[in-house]
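This report covers selected strands, helices and contacts of one model. The sequence and structure come first, followed by the notes.

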Amino acid sequence: MSAKTAILSAAELRDELAGARPPVLLDVRWQLGGPDQRPAYEAGHLPGAVYVDLDRELAGPAGSGGRHPLPDPEAFGAAMREAGVRADVPVVVYDGGQGWAAARAWWLLRWTGHPNVRVLDGGLAAWTAAGGPVTAERVVPAEGDFKPNPGGRGLLDADAAAARAREGVLLDARAGERYRGEVEPIDPVGGHIPGALSAPTTENVGPDGRFLPAHALRARFEALGASEGTPVGVYCGSGVSGAHEVLALEVAGIASDLYAGSWSHWCTDPARPVATGPDPQ
């Protein structure tokens, strides 16, 4: 695991797109509770990029599994093939710059077995800032051949997440005020999983939306007890920003597992305990 196998810069992407084996590009712009981003994609996107809708193609229907449960693997595979994803061709994913949606696509492709997926560090904003071109041309990709084989990444359910908090390190990637239970703008219950540590994913990036250097990320996570060889789990509100934290950990060289249902799934069962305040317990 390293930054080079998880993320790439705009300059590196330009070189690869001009090379003999250019990657498949996926545009995964998305806003939590915001408008559909397809019009923004149609107004301007990286040349050759195919739009992927997070709510429809990177998640199953909201319900007892949470707000963004994992999609059915076969449905996800069909969507990826329609987007031109091939098993033997690298994939690069980007979003509007926040990185959460791109990380969700990265995690899903890795979980379902694609061997070569990276996120454009800083997203579309970094691309345009580096002078990269955008186009409004309609993209019709050739059908891909990717067939999902789930299990390529570590996945936690509610019981495993609770155990990870007791026996390893469980990181809560949401904003600190949601972790503490001071506010909860989305889910019906505020607070955190007992034993989880607050680690807002926003602190993984600099003002430009790009990841901090690997050594800085490693220092951040090691200060929380998350280091190489320690069982580490991550959750967030619904499994989207948590994927970004898993990606940050990968850049830092630390393996981790995602509780994909996250808080939106945890709080559906009133029997599950809830902690509030700044302390883990």
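Strand S9, residues 232–235, is covered on both faces. Val232 and Val234 are buried on one side, and Gly233 and Tyr235 are buried on the other; buried means under 20% relative accessible area, exposed over 50%, and partly exposed in between, with a 1.4 Å probe and protein chains only. Strands, like helices, are DSSP runs numbered from the N terminus, with at least two residues (E) for a strand and at least four (H or I) for a helix. The model is predicted, so local features need pLDDT of at least 70 and side-chain atom pairs count only at pLDDT 80 or more, while totals for chains, interfaces and linings use all residues. Residues are numbered from 1 along each chain as its sequence is written, and side-chain values use heavy atoms, with hydrogens and water left out.

S9 is joined to strand S7 (residues 169–172) by 4 bridges, and the two run parallel; strands pair if DSSP finds at least two bridges between them. Gly233 in S9 has Leu170 opposite it. Strand S10 (residues 257–259) is also parallel to S9, through 2 bridges, and here Gly233 stands opposite Asp257. Between S9 and S10 the chain passes through helix H10 (residues 241–251) in a right-handed β-α-β crossover. Right-handed means that, with the strands pointing away from the viewer, the path from the first strand over the helix to the second runs clockwise.

## Helix H10 against helix H5

The axes of H10 and helix H5 (residues 100–111) come within 7 Å and cross at roughly 75°. Axes are lines fitted to C-alpha atoms, for helices over the stretch in contact, and angles run from 0 to 180 degrees between N-to-C directions. H5 and H10 are therefore roughly perpendicular, a term for angles of 65 to 115 degrees; under 35 is roughly parallel, over 145 roughly antiparallel, and the rest oblique.

On the H5 side the contact involves Trp100, Ala103, Arg104, Trp106, Trp107 and Arg110; on the H10 side it involves Ser241, Ala243, His244, Val246, Leu247 and Glu250. Contact means heavy atoms within 4.5 Å. By class, 7 of these residues are nonpolar, 2 polar and 3 charged. Ala, Val, Leu, Ile, Met, Phe, Trp, Tyr, Cys and Pro count as nonpolar, Asp, Glu, Lys and Arg as charged, and the others, Gly among them, as polar.

## Ala105 in H5

Ala105 is also found in helix H5 and counts as buried because its relative accessibility is 3%. Leaving aside neighbours within four places in sequence, Ala105 is in contact with Val28, Leu58 and Val93.

## The five-stranded sheet

An open sheet of 5 strands has the order S1-S5-S4-S2-S3, with parallel pairing. Strands S1 (7–8) and S3 (50–51) are at the edges with a single partner strand each, so one side of each has no neighbour in the sheet. Within this sheet, S4 (residues 91–94) and S5 (residues 117–120) pair in the parallel sense over 3 bridges, and Val91 has Val117 in S5 as its bridge partner.

## Ser262

Ser262 lies in helix H11, residues 262–266. Its relative accessibility of 0% is why Ser262 counts as buried. The phi of Ser262 is near 55°, a positive value in a residue other than glycine.

Not counting residues up to four places away in sequence, Ser262 touches Tyr235, Cys236, Gly237, Ser238 and Gly239. Gly237 is 25 residues from Ser262 in sequence, with a C-alpha to C-alpha distance of 5.5 Å.
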